[in-house]
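Subject: Handover of a structure

Dear colleague,

Please find below the structure that I am handing over to you.

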Amino acid sequence: MSVPRLVIAAPASGSGKTTVTAGLMAAFAERGLDVSPHKVGPDYIDPGYHALAISSAASSAGRARTARPGRNLDAFLCGPERIAPLFLHGAAGCDLALVEGVMGLFDGAAGQGELASTAQVAKVLRAPVVLVVDASSQSRSVAALVHGFASWDPEVRVAGVILNKVGSDRHEAMLREALQGCGVPVFGALRRARAVRAPSRHLGLVPVAERHAEAVDSVAALAARVREGCDLDGLLALARSAPPLSGPVWDPAEEIRRAAEPVPGAGDRAAPRARPVVAVAGGAAFTFSYAEHTELLTAAGARVVPFDPLRDERLPEGTGGLVIGGGFPEVYAPELSANEPLRAAVAGLAASGAPIAAECAGLLYLARSLDGEPMCGVLAAEARMSERLTLGYREAVAVSDTALAAAGTRVRGHEFHRTAIEPGAGPEPAWGVVRPERRTEGFAQGDVHASYLHVHWASVPGAAARFVGRCAPWAG
């Protein structure tokens, strides 16, 4: 399959990958291109900026288009073998796919070589790499830096540079002169600009859902900077030079067909005839979700209905299962607590035996309290903000049978939070973490599965099939 594509990478975090990538996406969308956004690694926040950049730019150019969802490409969570199929699924039919890297180009899972690095994904996708370099404190040395990155791994095609945070015309001229003998062309030079910086807090950028109007203005400014400072025609030609990708395209229906478990009492049927309603928490407090989760739930036979725990006082009509992903409930604890009718509805759903899958923010919401504010009370646990950042990949095994996994199921996940919950595990834990340390974690009670661990269901599609199967008794 021929997909024009670029990987936008950097020598290190903080170089400006997200702002440059969002600006490129917006600039190309303004031209009328159907842009497919992707992100290396487990990050949920950057894909939100990608999708907003594309949709707002297309709208401002008078081209009504529903933006493709931002999609993650994480070789640790999903396995290197799924990267190309997932990419081809997300990018099908696009005019241009842009993949934002993670950390530095060659940085990946700690102690595991190139696994989950931007370089590994670029090699799997056979994609040209454009290196975003923070040029703010260098001139001639930029050539040594770019040459080093371009020559480190011959299988990684570093095919261009965008100079970011350039101070002046003279500074730009010095940088371009230094790079002339490097063999890596310069596709852009962007000046420093305070106006387009995105605000951050304890877990990184503030999500789009919490600052939508301001974020729209920011990506419009980014698009203008990129139009003025980058060779868009040259970048598009470079993207079109990527060779065709062969191999299978990820298909949620096929994944579910292979993974589906029989529903008790349903004979040979893999899903109930009536489609159970699976409510999925969203809104400003619960912004972390992988697009493939909804696709897998739908393929498994569910009718997925979003709701906002900050605004909605009831669960969607006919709810037979509940998914509460990650986000920032600690920022909205008073507002979530004040919505007593919904908290009672969630507690009632759990008491009825309906399946509930909660990750990180969802775990906190199901606790008795969060920073002293009453929550749903499904779990006999208290949650609070912590000064300690918990971050990293995990390998785990299901300790108990839950709505998501049979005991013994092995998964790979990711933790990213600055909160703590006491106790950290229930009488029946959700997971036994086996790497990097050994411990039990989370809660499995009835068909409630609550844990800090984020798992990408594309790597375990049986989780979606199992979850929807457990919803069968509530299918209307």
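Which strands does helix α5 lie across? Helix α5 (residues 118–125) lies across β1 (5–9), β2 (35–40), β3, β4 (96–100) and β5, and runs at about 170° to β1. Helices here are DSSP runs of H or I with at least four residues, strands are runs of E with at least two, and both are numbered from the N terminus. Angles run from 0 to 180 degrees between N-to-C directions, with axes fitted as lines to C-alpha atoms, for helices over the stretch in contact.

Before going further, please note that this is a predicted model, in which local features need pLDDT of at least 70 and side-chain atom pairs count only at pLDDT 80 or more, while totals for chains, interfaces and linings use all residues. Residues are numbered from 1 along each chain as its sequence is written, and side-chain values use heavy atoms, with hydrogens and water left out.

The sheet

An open sheet of 7 strands has the order β3-β2-β4-β1-β5-β6-β7, with parallel pairing; two strands pair if DSSP finds at least two bridges between them. β3 (71–73) and β7 (186–191) stand at the edges with a single partner strand each, so one side of each has no neighbour in the sheet. On average, neighbouring strands of this sheet are turned by 25° against each other, direction ignored.

Strands β5 (residues 129–134) and β6 (residues 158–166) run parallel and are joined by 6 bridges. V129 stands opposite V158 in β6. Helix α6 (residues 141–152) packs on the sheet and touches β5 and β6, its direction making about 150° with that of β5.

The chain as a whole

The chain has 15 helices and 22 strands. Its radius of gyration (taken over C-alpha atoms) is 23 Å, close to the 23 Å that the globule rule gives for 476 residues, so the chain is as compact as a globular protein of that length. That rule is 2.2 Å times the number of residues to the power 0.38. Along its principal axes the C-alpha trace spans about 70 × 50 × 45 Å.

Among contacts (heavy atoms within 4.5 Å) between residues at least 6 apart in sequence, 77% join residues at least 24 apart.

Confidence

The average pLDDT, the predictor's confidence in each residue from 0 to 100, is 91 for the chain, and 91% of the residues score at least 70. Over residues 199–204 the pLDDT is below 50, and this stretch has 23 contacts in the model beyond near neighbours in sequence.
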